[in-house]
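Here is a quick tour for anyone meeting this protein for the first time. Have a look at the fold, then read on.

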Amino acid sequence: MSVIRDDEADEADTEADARHGGGLTTGEVARRLGVAPTTVRSWDRRYGLGPAAHTGGRHRRWTAGDLARLERMCALTATGLPPAEAARLALGETAPAEPPKPAPPPPTAAPERSRAGSGLRLGDVRQECKGIARSALRLDAVALDKQLEDAIGEHGLVAAWTEVIMPTLQAVGRKWESAGERYVEVEHFLSWHVSGALRRHAPPVAADRPGATTVLACVPAENHTLPLEVLAAALAERGLPVRMFGGALPVESLVAAVRRTGPAAVGLWAQSRTTASRPLAQHVSALEWGVRGARRKPVVLTLGPGWAGQTSRGLPHPPGLAEAVAAVEQVVHR
């Protein structure tokens, strides 16, 4: 049976439940929405998004109309709206209203934390960050792609990365580190879609020009390629030729790539201090090519937090994307 038919069957089942007065349980509603049952109960208690009709017994039943209202709530929060505002719109109110105050938790119980929002404690960041985080947590590919495209289109690649995408990635990374094995799939999912958005946005690779090429690679044993991908896209925007070699490039291959391309600049990314190698950076910066009397060497940019405390004179360490772009432009145009 096709996916379309399965979806139609789900909708038909929901409507049938509503017609017969059975409705859906809170657990069934949560599964359909892709959120936790505690989130559904929290929205009911905090914002009045509970079932419109009450039935006897301990278990509450949700009708098709109730489910549609909750789906609207999910869609609105995915755009970055605060839950209280999203609930007001989902309920169809025409004027702002104070949401019902939550009932105080039992003295011995920990305060309930909703998993419906970003859940990442993003702090004072752009509203887009919260929307992207919510879509990532829900594994909502369609919404995530649109939000990333909108952020890049509105703010430009450098600002979108610095102020929207990177803070969200960092928040997901902190969540992963503090939650053990949980949220690994969210980090991979978000990284993959960010990479896709960067590739869609970047123009075609600029034609090679002698002495103007930039080589980008992760140092051996380093696989965090996203920061290099965004740098490659930003340089391509400016018409600068780039050769991207991605993650964990072996030393021999890095040296061969530099000798073959004769780049003006080489960007080496290291996320961790355990992968950064100052001797490697110095070795690459000493490579020469060209005819006798006109030999050239590359400027090696040490990129990423792994280089902190390991750089030396002659090995520039741009602190961010904008600075890295500026450093490459200065080297190429000098």
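Of the contacts in the protein with a separation of 6 or more, what percentage comes from residues 24 or more positions apart? Such residues account for 67% of those contacts, where a contact means heavy atoms within 4.5 Å.

Before going further, a word on where this comes from. This is a predicted model, in which local features need pLDDT of at least 70 and side-chain atom pairs count only at pLDDT 80 or more, while totals for chains, interfaces and linings use all residues. Residues are numbered from 1 along each chain as its sequence is written, and side-chain values use heavy atoms, with hydrogens and water left out.

**The overall picture**

The protein has 13 helices and four strands; helices (H or I, at least four residues) and strands (E, at least two) are DSSP runs, numbered from the N terminus. It has 334 residues, and 43% of them count as buried. Buried means under 20% relative accessible area, exposed means over 50%, and partly exposed is in between (1.4 Å probe, protein chains only).

pLDDT is the predictor's confidence in each residue, from 0 to 100. The protein averages 78, and 76% of the residues score at least 70. Strand β3 (residues 265-269) has the highest confidence, at 96, while helix α1 (residues 3-19) has the lowest, at a mean of 41. Over residues 1-20 the pLDDT stays under 50, and the model has 12 contacts beyond four places in sequence for them. Residues 94-101 also stay under 50, with 11 such contacts. Where pLDDT is low, the predicted coordinates should not be read in detail.

**Two helix pairs**

Now for some packing. Axes are lines fitted to C-alpha atoms, for helices over the stretch in contact, and angles run from 0 to 180 degrees between N-to-C directions.

| Helix pair | Angle | Axes apart |
|---|---|---|
| α6 (residues 127-137) and α7 (residues 141-155) | about 160 degrees | 9 Å |
| α11 (residues 251-261) and α12 (residues 278-285) | about 25 degrees | 11 Å |

At about 160 degrees, α6 is roughly antiparallel to α7. Angles under 35 degrees count as roughly parallel, over 145 as roughly antiparallel, 65 to 115 as roughly perpendicular and the rest as oblique. The crossing of α6 past α7 is left-handed; that label applies if the near helix is turned anticlockwise from the far one by less than a right angle, and right-handed applies if clockwise. On the α6 side, E128, G131, I132 and S135 make the contact, meeting A143, L144, Q147, L148, E154 and H155 of α7.

V251, L254, V255 and V258 of α11 meet L280, H283 and V284 of α12.

Is H193, at 11% relative accessibility, buried or exposed? H193 counts as buried, because its relative accessibility is 11%. It sits in helix α9 (residues 184-201). Leaving aside neighbours within four places in sequence, H193 is in contact with A141, L144, D145, L148 and R200.

T311 lies in the loop between β4 (299-303) and α13 (321-333), and it is partly exposed, with a relative accessible area of 27%. Not counting residues up to four places away in sequence, T311 touches R278, T302 and H317. T311 and S277 are 34 residues apart in sequence and 9.1 Å apart in space, C-alpha to C-alpha.
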